[in-house]
Amino acid sequence: MPKTKDLPGGIIIDVGSTARNKTGSWRTFRPVVDLEKCTGCGICEKFCPEGCITIKKVKGYDKPKCTIDYDYCKGCLICMEECPFKAISSVVESK
Amino acid sequence: MGIGLRQFAPGHRTCAGCGSAIVFRHVLEALGDDVIICQATGCMEVTTTPYPETSFKVPWIHVVFENAASVATGVKRALKAQGNNHTRVVAMGGDGGMIDIGFGAVSGALERGEDIIIIVYDTEAYSNTGLQRSGGTPFGASTTTSPAGKKIPGKQEWKKNIAMIAVMHRAKYVATANPAFWADLQAKVRKAYEMEGGTRLIHIYSPCPIGWHVDPSKTIKVAKLAVETGLWMLYEVEEGKLKINYKPKEFKPVEEYFKLQGRFKHLLGRKDIIEMVERHVREHWEMMEKVEKEGIDLPKLV
């Protein structure tokens with residue numbers, strides 16, 4: 001298998017390779033999910049620009065819940081704004 | 001797996017709260033795997049493919065501003081010559097790439113009735129280069145090349161309506177969509193995907209929080225208001241017949257939409273301009289509802 005850098009004309013063969021760029025480091029505000037309030041409706045998932053929200057099984061709950069991949073979350077807080085159950089709040093990001 | 005992640009990886013450099021990124025995820029999810037995308041220069045090209053990386057997991061080619069539709073034409077014809085009739089070819093571009101610079105190629109493809117899908121994600125300005133005004137910029141919006149000053153309150157021309165221009169080209173299918181109405185957006189892309197022969201064009205509203213001076217968290221709020229104020233009409237035109245997909249029971253005041261966006265800040269309190277925009281919206285709706293009710297075959301007008 002050839003490598004991208006050996007190919008001519010700007011051909012990129014590493015599909016989906018931006019995934020190595022963890023945009024989570026951009027974040028100023030961190031969305032935090034209140035699992036008690038979250039109904040798993042999936043509205044946040046639909047509107048997340050990064051696709052870093054998935055609705056999946058979480059330990060301790062029967063229903064699937066909103067799960068945020070903080071590796072890629074840029075902290076735009078659309079999820080917080082759009083959540084109909086006010087289950088997402090924000091905190092200032094700190095190391 | 002999140003929406004569209006099968007086709008479109010995260011880690012792209014779009015700004016936080018990017019409306020176009022939301023649009024792309026839904027469009028790509030609806031298109032599925034058997035597509036080739038020809039993408040004009042623009043935000044979504046620059047941010048998704050910084051060499052040697054790419055966000056795309058489907059075949060994708062970057063072409064210059066001018067010729068996304070022409071390249072898509074060539075790719076589709078080459079596929080057909082190889083006996084491949086199943087792979088769909090999509091020309092994607094922003095308002096700069098499709099409504100202005102690449103408009104000739106889009107018009108040509110529409111006129112020839114090429115078997116391709118054209119997706120226009122409309123950020124209503126050249127967002128990639130620092131928000132210069134484009135043909136897609138709406139009336140009154142302040143951009144770096146139509147700045148709001150004491151004498152001239154932002155752009156003084158109306159938005160170019162690419163969807164209706166495509167209809168008049170006798171396109172097979174034309175639709176407008178909005179990411180706040182994502183199910184409608186996906187259904188329209190899917191419909192265009194399943195059609196064969198003839199050009200299908202989808203014009204998608206695509207909020208740009210940085211350029212429009214909107215809080216990143218309000219991207220979808222703004223998109224929803226665009227529809228609820230009547231400024232962005234959701235419709236589809238199939239074989240010349242118009243169908244309006246969503247009619248707000250009561251139009252929200254345009255000022256509510258303007259209030260959220262810095263690009264319209266100078267218009268707040270300008271009753272004369274707001275009234276003019278609202279009248280424009282009303283007249284547009286009246287005309288379109290009449291066309292729908294009477295079943296007017298739009299391309300026959302020309």
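Reader: Which strands does α1 of chain B lie across?

Author: In this predicted model, helix α1 (residues 19–31) of chain B lies across β1, β3 (88–94), β4 (117–122) and β6 (200–205) of chain B. Its direction is at about 160° to β4(B). Helices (H or I, at least four residues) and strands (E, at least two) are DSSP runs, numbered from the N terminus. Axes are lines fitted to C-alpha atoms, for helices over the stretch in contact, with angles from 0 to 180 degrees between N-to-C directions. Contact needs C-beta atoms, placed from the backbone, within 7 Å.

Reader: And what does α3 of chain B touch on the sheet?

Author: Helix α3 (residues 68–81) of chain B touches β1, β2, β3 and β4 of chain B, and makes about 175° with the direction of β3(B).

Reader: What's the strand order in that sheet?

Author: β2-β1-β3-β4-β6-β5-β7-β8 (chain B), an open sheet of 8 strands with mixed pairing. Two strands pair if DSSP finds at least two bridges between them.

Reader: Which strands are at the edges?

Author: β2 (60–63) and β8 (241–244) of chain B; each has a single partner strand, so one side of each lacks a neighbour in the sheet. From one strand to the next, the twist averages 15°.

Reader: How many bridges join β1 to β2 in chain B?

Author: 4, and β1 (residues 35–40) and β2 of chain B run parallel. B:Ile37 of that region stands opposite B:Trp60 in β2(B).

Reader: Back to helices. At what angle do α3(B) and α5(B) cross?

Author: Roughly 40°, with the axes of α3(B) and α5 (residues 103–112) of chain B coming within 7 Å. The two helices are therefore oblique to each other; angles under 35 degrees count as roughly parallel, over 145 as roughly antiparallel, 65 to 115 as roughly perpendicular and the rest as oblique.

Reader: Which residues make the contact?

Author: B:Ala68, B:Ala69, B:Ser70 and B:Thr73 from α3(B), with B:Ala105, B:Val106, B:Gly108 and B:Ala109 from α5(B).

Reader: New topic: how many residues of chain B are in contact with chain A?

Author: 32 residues of chain B, against 34 of chain A. α1 and α9 (219–228) of chain B each supply at least two residues of that side.

Reader: What about confidence?

Author: Chain B averages a pLDDT of 96, and 100% of the residues score at least 70; pLDDT is the predictor's confidence in each residue, from 0 to 100. The complex gets an ipTM of 0.95 and a pTM of 0.96 from the predictor.

Conventions:
Residues are numbered from 1 along each chain as its sequence is written. Chains are lettered from A and ligands numbered from 1 in the order in which they are written. This is a predicted model: local features need pLDDT of at least 70, side-chain atom pairs count only at pLDDT 80 or more; totals for chains, interfaces and linings use all residues. Two residues are in contact if their C-beta atoms, placed from the backbone, lie within 7 Å.
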